[in-house]
Amino acid sequence: MADAELHLEDGGLWVQPLAVPAETAGRPALFLDRDGTINVDTGYPRDPAEIVLLSPIVPVIRAANTAHIPVVVVSNQSGIARGLLDWNDFAAVNARLLDLLAEQGCFIAMVLACAYHERGKRPLNVADHPMRKPNPGMLFRAAELLDLDLSGSVVVGDKPSDMEAGRRAGLGEGWLIGGTCSGMPGFACRALLSDPDWAALVERVSRLSVRS
């Protein structure tokens, strides 16, 4: 557990900065869910050898990197609360994911993960924890540490809870893989269903800019 503990703010929250805050100050961010968004969701992944990138997300991350837009991973990890894996397993998978992205010329500014879940084991059995999506706590924590412009940021995920977390954090826009969402006043939710949708997301990310 020693290596994993380096990034634990408490027993259920992982915070791993990978960028210098001075380089991200005042910038919007690209917030990404992890499993099912960056990598193939195998169901509580714990074996680094099984991690496979989802190819459509690579140009999106690369576009953000080129535009100097910090990329922040925000991931619910209820498998830890349920005892299906531990933080060392998460750390190994996380390291493999970062290596695979680096091989594609893609870089992440911060990784956050929340293990709290109402059906978890003590002390992680917390209902509606503020850091667990759809609550916006992880996005707020990233914004605090990296001095991000949340109102100009974009979130991408494969679940409505990802979109709701973005809406509650004050983002104006989200992109939902494989589906559509509605009933979110003041929040534009766009579907990622086809190659043209992904191309539109790449273009959108490339146009994110710092407010003057």
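This is a predicted model: local features need pLDDT of at least 70, side-chain atom pairs count only at pLDDT 80 or more; totals for chains, interfaces and linings use all residues.
How do the residues of the lining of the second largest pocket divide into nonpolar, polar and charged? Residues are numbered from 1 along each chain as its sequence is written, and side-chain values use heavy atoms, with hydrogens and water left out.

**Figure 1. The whole chain.** Eight helices and eight strands make up the secondary structure (DSSP runs, H or I of at least four residues for helices and E of at least two for strands, numbered from the N terminus). Of the 212 residues, 50% count as buried (under 20% relative accessible area; exposed is over 50%, partly exposed in between, with a 1.4 Å probe and protein chains only).

**Figure 2. Into the largest nonpolar core.** Leu30, Phe31, Val72 and Val156 touch the most other members of this 68-residue core (buried Ala, Val, Leu, Ile, Met, Phe, Trp, Tyr and Cys joined through side-chain atoms within 4.5 Å). Helix H5 (residues 87-103) gives the core its largest share, seven residues. Zoom in on Val72: leaving aside neighbours within four places in sequence, its contacts include Leu30, Phe31, Met110 and Leu148 (contact means heavy atoms within 4.5 Å).

**Figure 3. The largest pocket.** About 350 Å³ of space lies here. Closest to the centre, among 17 lining residues, are Asp41, Tyr44, Asn76, Ser78 and Lys159. (On a 1 Å grid over the protein atoms alone, a pocket is an open set of points where a 1.4 Å probe fits, with protein on both sides within 12 Å along at least five of seven lines; lining residues have an atom within 4 Å of a point. Grid points are joined across faces, edges and corners, and the volume is the space filled by probe spheres set on them.) Strand E4 (71-76), helix H4 (78-81) and helix H7 (160-168) each supply at least two lining residues. The lining divides into two nonpolar, seven polar and eight charged residues (Ala, Val, Leu, Ile, Met, Phe, Trp, Tyr, Cys and Pro count as nonpolar, Asp, Glu, Lys and Arg as charged, the others, Gly among them, as polar).

**Figure 4. The second largest pocket.** This one has a volume of about 240 Å³. Of its 14 lining residues, Ala19, Asn65, Ile69, Pro70 and Ala109 sit closest to the centre. Helices H2 (21-24) and H3 (57-66) are the elements that give two or more residues to the lining. And the opening question: nine nonpolar, three polar and two charged.

**Figure 5. Helix H3 and what covers it.** Ile57, Val58, Val60, Ile61, Ala63 and Ala64 of H3 are buried. Their cover includes strand E3 (30-32), E4, H5, strand E6 (154-157) and helix H8 (195-206). Just after H3, His68 takes a positive phi of about 60°.

**Figure 6. Two loop residues.** Gln104 is in the loop between H5 and strand E5 (110-114). With a relative accessible area of 38%, Gln104 is partly exposed. Beyond its neighbours within four places in sequence, Gln104 is in contact with Leu53, Val58 and Arg62. Asp47, in the loop between E3 and H3, is also partly exposed, at 32%.
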